[in-house]
Amino acid sequence: QFNTSDSADITPVNPETLTDYEIGLKTDLFDRTLRLNIAAYYYDFKNLQVQILDPSGGGVAAVLRNAASARAYGLEATGKVGGSDVLTIHLSGASQDSKYKNFADAPFYIFSSGGNTQIAGVSATGNNLIRAPRFVGTAGATYRLPLAGGGHLDLHGDIYYNDGFYWDPNQQFRQSSYMLVNGSITYVEPDERWSIQLWTTNLNNRHRFMEIAPTAPFGTYAIDDAPRMYGVTATWKI
């Protein structure tokens, strides 16, 4: 595999390989009113590919580099509770630990008002993998309210929690923990051919980033993720 985004850098990148060890359990309990799935895993990465911004191309071109080796292990669980069509509850959680086992030449930056300066040859061995939170979890519920004239209202709410992660191998940029609250109210007509939904995402208007990366000549590159949003969606089934 070759870098093609920067014509000045056509350095080949070794193939990334992953050895995955996993064991799990899937269950339907109490007359199928409770569904519980659990899985434990261990990932062994070789020639892990990471994307960095290349300062030689003005700090704009994204190029691939090999980060030698890394590992991650963790536990995932999902659950669904609901013995009828009236109320359904969903829960999920995942906890993991991830480390670079060998990353001897990680991109490292010194910050200044005149722009960031990259230093070569810095080791990130033992640091966390980028964009790898230690814990994420979701919880949601949907309540169906039958209407006298037919049709029904679906009331839905959910919460997503992320305890934070690092954007760069040297752990200089961290996304702090955050929680997102979403909700919707959906009316479905008796024949279920059309519906209309009022919805909102990020109701608590939690600020977080979609991307953060240091660039040598310009400083730090950051893109905000979506703020609070709300709207109306109409659906018609032909």
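Predicted model: local features only at pLDDT ≥ 70, side-chain atom pairs only at ≥ 80, totals over all residues.

Colleague: Why is N202 called buried?

Modeller: Buried means under 20% relative accessible area. N202 has 2%, so it counts as buried.

Colleague: And what makes T88 buried?

Modeller: The cut-off is again under 20%, and T88 has a relative accessible area of 16%, so T88 is buried too. T88 lies in strand β6. Outside the four places on either side in sequence, T88 touches K80, V81, G140, A141 and T142.

Colleague: Why is L75 called partly exposed?

Modeller: Buried stops at 20% and exposed means over 50%, with partly exposed in between. L75 has 46%, so it lands in that middle class. You'll find L75 in strand β5 (residues 69-81). Its contacts, leaving aside neighbours within four places in sequence, are I38, A39, A40, Y41, G93, A94 and S95. Then there's I23: 52 residues from L75 in sequence, but 9.8 Å away in space, C-alpha to C-alpha.

Colleague: What share of the chain counts as buried?

Modeller: Of its 238 residues, 32%. The secondary structure comes to zero helices and 17 strands. As for contacts between residues at least 6 apart in sequence, 58% join residues at least 24 apart.

Colleague: How do you know that β6 and β9 pair?

Modeller: Pairing takes at least two bridges between the strands. Strand β6 (residues 87-102) and strand β9 (residues 135-146) have nine, in the antiparallel sense. As an example, S92 stands opposite T138 in β9.

Colleague: What joins β9 to β10?

Modeller: 11 bridges, against a required two. β10 covers residues 152-162 and runs antiparallel to β9. Here R144 stands opposite D154 in β10. The two strands form a hairpin with five residues between them, and G150 in the turn has a positive phi of about 95°.

Colleague: Which residues touch the most other members of the largest nonpolar core?

Modeller: L48, Y100, F103 and L129, out of 14 residues in that core. β3 (49-53) and β5 each supply at least two residues of this core. What makes them a core is that they are buried nonpolar residues joined through side-chain atoms within 4.5 Å. Looking at F103, and setting aside neighbours within four places in sequence, its contacts are V50, N66, A67, A68, V122, S123, A124, T125 and P169.

Colleague: Last one: why is a space called a cavity rather than a pocket?

Modeller: In a cavity a 1.4 Å probe fits but cannot get out, whereas a pocket is open. Counting those of 30 Å³ or more, there is one cavity. The largest cavity has a volume of about 40 Å³.

Colleague: Which residues line the largest cavity?

Modeller: Q96, D97, S98, N128, A132, P133 and R134. By class, that lining divides into two nonpolar, three polar and two charged.

Methods:
Residues numbered from 1 in each chain as written. Heavy atoms only, no water. 1 Å grid on protein atoms, 1.4 Å probe; cavity = no way out; pocket = protein on both sides within 12 Å on 5 of 7 lines; lining within 4 Å. Points joined across faces, edges and corners; volume = space filled by probe spheres on them. Nonpolar A, V, L, I, M, F, W, Y, C, P; charged D, E, K, R; others polar. Helix = DSSP H or I, 4+ residues; strand = E, 2+ residues; numbered from the N terminus. Buried < 20%, exposed > 50% of the residue type's maximum accessible area, 1.4 Å probe, protein only. Contact = heavy atoms within 4.5 Å.
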